[in-house]
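Please examine the sequence and the coordinates shown here before reading the briefing that follows.

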There are 2 protein chains.
Amino acid sequence: MIQNLSKLERQRRIKEHILKDPFLSDKKLAELFNFSVQTIRLDRLEMGIPEMRKRIVQVAKNTTSTDKVKSLKKEEIIGELIDIELGKNGIAILKTTKNMAFGRTGIIRSHYIFSLADSLAISIIDTEVALTGIARLSYKNPVYAGQTLVAKARVARNRGNKYLVSVHVKSDQKEVFTGKLVIFSVNDKVKKEKT
Amino acid sequence: MIQNLSKLERQRRIKEHILKDPFLSDKKLAELFNFSVQTIRLDRLEMGIPEMRKRIVQVAKNTTSTDKVKSLKKEEIIGELIDIELGKNGIAILKTTKNMAFGRTGIIRSHYIFSLADSLAISIIDTEVALTGIARLSYKNPVYAGQTLVAKARVARNRGNKYLVSVHVKSDQKEVFTGKLVIFSVNDKVKKEKT
DNA sequence: CACCTATTATTAGCAACTACTAATTGTAAG
DNA sequence: CTTACAATTAGTAGTTGCTAATAATAGGTG
């Protein structure tokens, strides 16, 4: 076989292939490129690319660290409760970070803002258990990682176990989000009211 | 027969350990349980548990399974994308766990369900960047930790860069959440917009 | 006692390597 | 043309974490 690829070019391509598919063994790469397994190995060593098995372990460990269901940690959710008057109103702040944002744009993912609002809304209801029923959300302006959000919530109406909570979220005086949430308080044995 | 019980118990524990940490080799398990490597192997074979390397590959492949989506990197998606037709519809599932729930009641916090719906809605928009604008959410029934949620989303309307996505979330055929989200696609330099 | 199960040991072999040495090929310079 | 040198290929030994199969041993039970 005529080798029309320069060594460097081949190495660049090997690297590319491995990045795209870490599950490629040296043997398969050798078949792909029509070079001997030894050459592929030399290339890998020169580029400092670990063997397939170690690459797979790396990929697997990545999953575990990100943990599949990207769980929102509690601190991230609530932010920080600053002030609260049960049954009336409350203020919470959230310092946004890069890992709450879309990698490309740095814009905070909407559900983090909703989580802040929702958590705060539930917090100000003076009851054992509170559940969100209906919500209307409006995202006014994008929020960029690093900005600090201030959420203010107040109970706008309250009929029986049904609360209408209105939440406004600002960043630097600028409104970025508003929402109206209907929260139900569930006090006693009521666990499942619907079948 | 007394041995039998301890054997079963040991196998149960081995299974548990492997589930918790798929990176355990037979040798390490043998050290952990003070049994010979051969015994561990027999146990594994009886239980049909594959060898460490294959387990690692499985874990690694889990991560790689989802591609195809433009707007979100896979780590940014809440839940697991099952099927998607860009610009049209998509299905995602989320296995709920205790740490997504209120401790006392085991009821899943609402923003996890929203996050699932929101992520899915953004995923099906065929664009580089997609942002949530307005949302109307309705929580129909409480979800308890352990239940698996199936979210279906479809693009109901599309005018220009504005998409109306409707999302239905079910658990065991029962509808637990519905939402209508207005998503904006942002392809060029659009920074903020509100309609 | 023979029988049975659980456990452990032993051996051969495999995949996918590392690490090393050695041979071959290509090509350019003296 | 010959030598020098890099690139490539080949080959060997050793490693890890196994599978598969066979055998040996210990501990009961009927």
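**Contacts with DNA strand C**

In this predicted model, a backbone N or O atom of Ser36(B) lies 3.1 Å from a phosphate oxygen of DNA strand C, a polar contact being a pair of N or O atoms within 3.5 Å. Local features require pLDDT of at least 70 and side-chain atom pairs pLDDT 80 or more, whereas totals for chains, interfaces and linings use all residues; side-chain values use heavy atoms, without hydrogens or water. Residues are numbered from 1 along each chain as its sequence is written, with chains lettered from A and ligands numbered from 1 in the order in which they are written.

- Thr39(B) has a side-chain N or O atom 2.4 Å from a phosphate oxygen of DNA strand C.
- For Arg10(B), the distance from a polar side-chain atom to a phosphate oxygen of DNA strand C is 2.7 Å.
- Two or more residues each are given to the surface near DNA strand C by α3 (37-47) and α4 (52-66) of chain A and by α1 (2-20) and α3 (37-47) of chain B; helices are DSSP runs of H or I with at least four residues, strands are E runs of at least two, and both are numbered from the N terminus.

**Surroundings of the strand**

- DNA strand C is surrounded by 15 residues, the closest being Asp26(A), Met52(A), Arg10(B), Gln38(B) and Thr39(B); a residue is near if one of its heavy atoms lies within 4 Å.
- Of the atoms of DNA strand C that come within 4 Å of the protein, 66% belong to sugar and phosphate.
- The surface near DNA strand C comprises seven charged, five polar and three nonpolar residues. Asp, Glu, Lys and Arg count as charged, Ala, Val, Leu, Ile, Met, Phe, Trp, Tyr, Cys and Pro as nonpolar, and the others, Gly among them, as polar.

**Helix α3 of chain A**

- Ile40(A), Asp43(A) and Arg44(A) are the buried residues of α3(A), where buried means under 20% relative accessible area, exposed over 50% and partly exposed in between (1.4 Å probe, protein chains only).
- These residues lie on the same side of α3(A) because they cover an arc of only 100° around the axis, taken from the directions from the helix axis to the C-beta atoms.
- Gln38(A), Leu42(A) and Leu45(A) are exposed on the face turned away from the buried side of α3(A).

**Chain A overall**

- Chain A contains six helices and six strands, in the order α-α-α-α-α-β-β-α-β-β-β-β along the sequence.
- Of its 195 residues, 44% are buried.

Note on methods. A polar contact is a pair of N or O atoms within 3.5 Å; within protein, one must be able to donate a hydrogen and the other to accept it, and residues adjacent in sequence count only if both atoms are side-chain atoms.
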